[in-house]
Amino acid sequence: MIKFNSSPEPTIGVEIELQLVDIKNLNLNNISKKVLTEVKKEFSDNIKCELIESMVEINTNICSNVEEAEKDIKKTLNHLGDILINYETELNCTSLHPFAIGKNQIITDNLRYKRIMKDLQMVGKRFISQGLHVHIGINDSENAIKVNNALRIYLPLLLALTSSSPFFEGEDTGLHSYRTKLFEALPLAGMPDYLINWNHFENLTKQLEGAGIISSVKDLWWDVRPHPGFGTVEVRVCDIPITFKEIIAIVALIQALVVTLIKTEPHPDTHIQILQSNKWQAARYGLEGVFVDPKNFQKLTIRKAIENLYLLVEPAMSSLGSKKYYNVLEEILNNYTGSTKQRDLYNKSKSFENVLKTLKDQFYQ
């Protein structure tokens, strides 16, 4: 039996995977092992190693609201920034470094990561991407399954809003989120199937563990998944928005969406081909993509579908006290996402270094 540690309130936990960038050449810098030795004890649970040594992950504590999460993230970023000064290194918050080469990265000395990389081979060597993961507390296991199923419909919209990975190893991929396609090359990654109930999820997990396909729930790299230990549903589809205020606004949107979906009727099973098509449109075209409504097969622009999403969650944002982040969400929709911003910067300067410097300067604007 897998126990779901229920959360009575829609608590928030945020994980952000960050690139360590050398100030001199703006390439990825394999120094996480050194950096982690300087993390103060009070931040030991908030700053951790990741798959490669040019990357770290920051985690919030359990937060009761978006404002608390905002303060938590900023406090950790400030501490990490203070450490990085000693190594002439800065953080970059896009989901792919624009010109770093995968084979030049060093795998972190961690048994789980070593096992994963031994299995992944070339696929793993190209996997130098970063994402934003958002946990929202759920009050019981059956609601976790209901919300997990319903969220699948909205994942492409969250991806489109956060897309920030158009470049890979010095090339324009033509996509707004190439990270998405790198991630989908991993086993058990991508859009999850419909789950009938908690017992279905339990049985599936036990069968996968028994067959040696996974070691634990952590190996289910789905775009959204129930997290029994934390008592949350974890949204994992997002690229990392390029500004701090956008990151926080997306967290607010996800919390409001989960709260909204808990109160709605369960969504019927949606054909996986529709969901995957919508996700492809978001990864390829960003906000300019096409969205097919899985309920009635009506064809919309992704922008229009996001407008509908904003209307859907507006009451929840008001009740949660997070309506002040609504303007930032509208700015993203009416202007551009990180992928478009990076392309614009590169097309003007023909310099990836200029792109990275500008993003750094504008992160807290």
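1. At the start of helix 13, a side-chain oxygen of Ser351 comes to within 3.3 Å of the backbone nitrogen of Glu353. This is a polar contact, that is, a pair of N or O atoms within 3.5 Å; within protein, one must be able to donate a hydrogen and the other to accept it, and residues adjacent in sequence count only if both atoms are side-chain atoms. The model is a predicted one, in which local features need pLDDT of at least 70 and side-chain atom pairs count only at pLDDT 80 or more, while totals for chains, interfaces and linings use all residues. Residues are numbered from 1 along each chain as its sequence is written, and side-chain values use heavy atoms, with hydrogens and water left out.

2. Helix 13 covers residues 352–362, and its buried residues are Phe352, Val355, Leu356, Thr358 and Leu359. Viewed down the helix axis, the buried residues fall within an arc of 165°, so they line one face of helix 13; the arc is that of the directions from the helix axis to the C-beta atoms. Buried means under 20% relative accessible area, exposed over 50%, and partly exposed in between (1.4 Å probe, protein chains only). Helices (H or I, at least four residues) and strands (E, at least two) are DSSP runs, numbered from the N terminus.

3. What covers this buried face? The cover of the buried residues of helix 13 includes strand 4 (89–92), strand 6 (167–168) and helix 12 (338–349). Contact here means heavy atoms within 4.5 Å.

4. Lys350 lies in the loop between helix 12 and helix 13. Although Lys350 is not a glycine, its phi is positive, at about 55°. With 55% relative accessibility, Lys350 counts as exposed.

5. Leu26 also deserves a comment. This residue is not a glycine, yet its phi is positive, at about 60°. Leu26 sits in the loop between strand 1 (12–22) and helix 1 (32–36), and is buried, with a relative accessible area of 8%.

6. The chain contains 12 aromatic pairs. Under the rule used, rings of Phe, Tyr and Trp (its six-membered ring) pair if their centres lie within 6.5 Å; planes under 30 degrees apart count as stacked, over 60 as edge-to-face and the rest as tilted. The rings of Trp198 and Phe201 have centres 5.0 Å apart and planes at 45°, so this pair is tilted.

7. Trp198 and Phe201 both belong to helix 7 (residues 198–210), three residues apart, which is about one turn of the helix. An α-helix has 3.6 residues a turn, so residues three or four places apart point the same way. Trp198 counts as buried at 6% relative accessibility, and Phe201 counts as buried at 0%. Ring pairs join Phe4, Trp198, Phe201 and Trp222 into a cluster.

8. Leu208 is likewise found in helix 7. Its relative accessible area is 13%, so Leu208 is buried. Residues up to four places away in sequence aside, Leu208 touches Ile213, Ile214 and Leu220. Between Leu208 and Asp219, 11 residues apart in sequence, the C-alpha to C-alpha distance is 10.0 Å.

9. Gln255, in helix 8 (residues 244–262), is buried, with a relative accessible area of 2%. Which residues does Gln255 contact, leaving aside its neighbours within four places in sequence? They are Pro10, Ile12, Ser64, Val66, Ile136 and Leu320. Gln255 and Val66 are 189 residues apart in sequence, but 8.4 Å apart in space, C-alpha to C-alpha.

10. Ser163 is placed in the loop between helix 5 (141–162) and strand 6. Its relative accessible area is 0%, so Ser163 is buried. Once neighbours within four places in sequence are set aside, Ser163 is in contact with His176, Ser177, Asp239, Gly286, Thr337, Gly338 and Ser339.

11. Finally, the chain as a whole. There are 13 helices and 13 strands, and buried residues make up 58% of the 365 residues. Among contacts between residues at least 6 apart in sequence, 76% join residues at least 24 apart. The C-alpha trace spans about 55 × 45 × 40 Å along its principal axes.
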